[in-house]
Amino acid sequence: MKADSVFGGVFGAATPAVAVVDDAGSVVGWTEAAEKLTGYLAADIFGRPIGTLLPLGGDGGRPGAFLPRRGMMEVRRRDGEVIIVRTDAAPLTLGDDAESRPGSWLVSAIPVTIDLSTDTGVLLESVIGNFPIAMAVWDRDLRCVWFNEAAERLRDGYPYYRIGRSLTEVIPGIDNERVLDAMREVLADGRPVIDREAHWSYGSDERLLSVSLLPLAGVDGRPLGVCSVALDFSNSKARDHLDLLREAGVRLGSTLDVMSTAQELAELAIPVLADFVTVDLPEEMLPGTEPLRRLATTEGGCPAFRRAGVASAREGAPESLWERGEAVFVPPRSPFVEVLQSRRPHFEPVLDTSPGTWLEHDPDRARIIETTGMHSLIVVPLEARGDVLGVAAFARTSNPAPFTRDDLLVAEELVTRAALSLDNARQYTRERLTALALQRDLLPHHLSGSDTVEVASRYLPSDTHDGVGGDWYDVIHLPCGRIALVVGDVTGHGINAAATMGRLRTAVRALAYLDLPPDELLTHLDHLMTEDALSPDAMGATCLYAVYDPYTGHCTMATAGHPPPAIVSPSGEVTYPSLTAGTPIGVGLGTFQSYDMRLPAGTLLALYTDGLIETRHSDLDAGMARLGDVLARTALESTTLDRACAAVIDSLVGDAPAEDDIALLMARV
């Protein structure tokens, strides 16, 4: 084999360093390029083992261990510097027809920092150099010795690659230290690291990369360095979709309100998935709205939904024909009705606006589609627990790319998550409305005082996620002109609490007609609750029961774990009687004591539940002090009792949502 055939096949047009080694492994031939590469002159290297060029601990001068190998390896120059070279070795021949000279080899080498050609020559070098993913080679000291054009382009904004420098020498940082640690592990154990996430930031810009680290070993198996492959997926569509679904898991269902959840779904998909999104729900999903069946059909079709959510990449959502809460009209052949009936999504990557389509029967939508440049459409049914709750539509206008099947999958996953949250909100709303209706039904509709006692009341349900509570109040007329005032609070919230409240109110009325003293009445009530006769869930309750006798001017009261009433004297002084607190109803101890006091004419009593005086930021004592101040100011004003109730609520609660249900019963003797 001729030397030029070896060089031409392996290195193309490059000029390698060439040596001739005899059967003993000694150098017998040396070129000028070899002198430049190694620093050894021919006179210095002739007769010496080729192993002289190997780093300490290498193969030495053993020809059989070194000469036949091809690939990358380290070479130690005369000045001690170690460089990485690509080597090739071939048996030496004396001519085309001559036999090989036994044990003699022609050895060539070229540094990788000069030419990265391999057996496939210039073609493979071009492929690696123009590979669209950033590649770099790092030596054993983790200094960069080469990088391709993709790394060069990435380096324009992020100067992490610099020949002869390590990552942390260029830009210090914890994340770069971690990458260096990973490189050291690859050098140590020879196992690659695949798809390691790395954050690169420079100035105000930031990139997210997937970095893989591959070990580079010489022909003798010794580690030479590390090859890094970095894929920039900062603007990856798949990553954006993953982030979208991750955010949906956090945001969707954060509120148990149907309209809010629908709006969250619409806003989430902008602009990652679509430029325009609507969420339309049937009337049964939106209690309190005008029934769709009462709305007249128009040229745009029949009313089928109400718009619960709408979002657009354009300000003001010009693509939407209807505002949130308004009835949405659709023709019977529209994709929206078909999706609702078939429970299958409608996928139209190129929106067909030609004559004869469903848009021919929906001129308003056709006009909007043409005006806004809407060109791609996905409609997905909102389905949860076997029920179809509505439809969500995704459209693209400014984004010129049509929807793909991957986009459809993301839309379906997003809608599936939203549908579960919508169904939870629907069930919660339904239960809350039922509990509110039950509570309103069970509370007294018309309170009436007497010739000697004026009464007024206020009830304010909470707006918290806990739902309806079990607060109640009552005024009961007793024999001989006496009047009983009652206020109570069932523990817990929801339908069970409202039902328990209704049973307690009925029981108190029944016991009151037995003309029992307040302490005995509470004792009987406690026994009933303890025996579980009032509630299958055995809910507890607090209660304050007071009886006023207008002929004697005495008021007798007892409390079962309930705050004492506020007593406002005719002069405006506010006091709280020292009642024996007693245990809540349902504990079963029945420890209650009556308290008797005389009320001068003009005295005002305020009975209330703890929602009026207790908040997250203040305790009962502070709340009672505030209530006393408000009542004192109100007493100085010549006002009706009904206005006094309103003034108390306005001062202590204001326009803020109530944290708990509030019941207030006021009486003036």
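Biologist: As I understand it, a salt bridge is a side-chain nitrogen of Lys or Arg within 4 Å of a carboxyl oxygen of Asp or Glu; how many salt bridges does the structure hold?

Modeller: This is a predicted model, and the structure holds 25 salt bridges. One of them joins the side chains of D364 and R367, with 4.0 Å from N to O.

Biologist: Where do D364 and R367 lie?

Modeller: Both belong to helix 12, which covers residues 363–372, and they sit three residues apart, about one turn of the helix. In an α-helix there are 3.6 residues a turn, so residues three or four places apart point the same way.

Biologist: And is D364 buried, exposed or partly exposed?

Modeller: D364 counts as partly exposed, with a relative accessibility of 38%, and R367 is also partly exposed, its relative accessible area being 44%.

Biologist: What about D423, which residue does its side chain meet in a salt bridge?

Modeller: D423 meets R385, and the N to O distance is 2.4 Å. That pair links distant parts of the chain, since D423 is in helix 13 (residues 405–442) while R385 is in the loop between strand 15 (376–384) and strand 16 (387–396), 38 residues apart.

Biologist: Which residues are joined into one network with R385?

Modeller: Through salt bridges that share partners, R385, D387, D423 and R426 form one network. Within it, D423 is buried at 0% relative accessible area, whereas R385 counts as exposed at 53% relative accessibility.

Biologist: Let me move to R140, what does it form a salt bridge with?

Modeller: Its partner is E74, and the closest N and O atoms of the two are 2.8 Å apart. R140 lies in the loop between strand 6 and strand 7, and E74 in strand 3 (residues 71–76), so the pair ties together parts that are 66 residues apart in sequence. R140 is partly exposed, with a relative accessible area of 32%, while E74 counts as buried at 6% relative accessibility.

Biologist: How do strand 6 and strand 7 pair, parallel or antiparallel?

Modeller: Strand 6 (residues 134–139) and strand 7 (residues 144–147) pair in the antiparallel sense, over three bridges, and W138 stands opposite C144 in strand 7. The two strands form a hairpin with four residues between them, and L142 in that turn has a positive phi of about 65°.

Biologist: Changing topic, what is the order of the strands in the open sheet of five strands?

Modeller: The order is 18-19-20-21-24, with antiparallel pairing. Strand 18 (470–477) and strand 24 (595–598) stand at the edges with a single partner strand each, so one side of each is left without a neighbour in the sheet. On average, neighbouring strands of this sheet are turned by 15° against each other, with direction ignored.

Biologist: Which helix packs on the sheet and touches strand 18?

Modeller: That is helix 14, which touches strand 18, strand 19 and strand 20 (541–549), and whose direction makes about 20° with that of strand 18. Strand 18 itself pairs with strand 19 (residues 483–490) in the antiparallel sense over eight bridges, and V475 stands opposite L485 in strand 19.

Biologist: What should the 18 residues of helix 14 span?

Modeller: At 1.5 Å a residue, helix 14 (residues 495–512) should span 26 Å, and its end C-alpha atoms are 26 Å apart, which agrees. Its buried residues include A497, M501, L504, R505, V508 and L511.

Biologist: And which strands does helix 15 lie across?

Modeller: Helix 15 (residues 518–530) lies across strand 20 and strand 21, running at about 25° to strand 21.

Biologist: Is T559 buried or exposed?

Modeller: T559, which has its place in strand 21 (residues 554–560), counts as buried because its relative accessibility is 1%, below the 20% cut-off. Its side chain reaches the backbone oxygen of H562 at 2.8 Å, and among the residues T559 touches are L522, C543, L579 and F592.

Biologist: Last one, how many residues of helix 10 are buried?

Modeller: Helix 10 (residues 258–268) is mostly covered, with eight of its eleven residues buried, including V258, Q263, E264 and L268. At the start of helix 10, a side-chain oxygen of D257 comes to within 3.3 Å of the backbone nitrogen of M259.

Technical notes. Residues are numbered from 1 along each chain as its sequence is written. This is a predicted model: local features need pLDDT of at least 70, side-chain atom pairs count only at pLDDT 80 or more; totals for chains, interfaces and linings use all residues. Side-chain values use heavy atoms; hydrogens and water are left out. Buried means under 20% relative accessible area, exposed over 50%, partly exposed in between (1.4 Å probe, protein chains only). A polar contact is a pair of N or O atoms within 3.5 Å; within protein, one must be able to donate a hydrogen and the other to accept it, and residues adjacent in sequence count only if both atoms are side-chain atoms. The expected span of a helix is 1.5 Å times one less than its number of residues. Contact means heavy atoms within 4.5 Å. Two strands pair if DSSP finds at least two bridges between them. Axes are lines fitted to C-alpha atoms, for helices over the stretch in contact, and angles run from 0 to 180 degrees between N-to-C directions.
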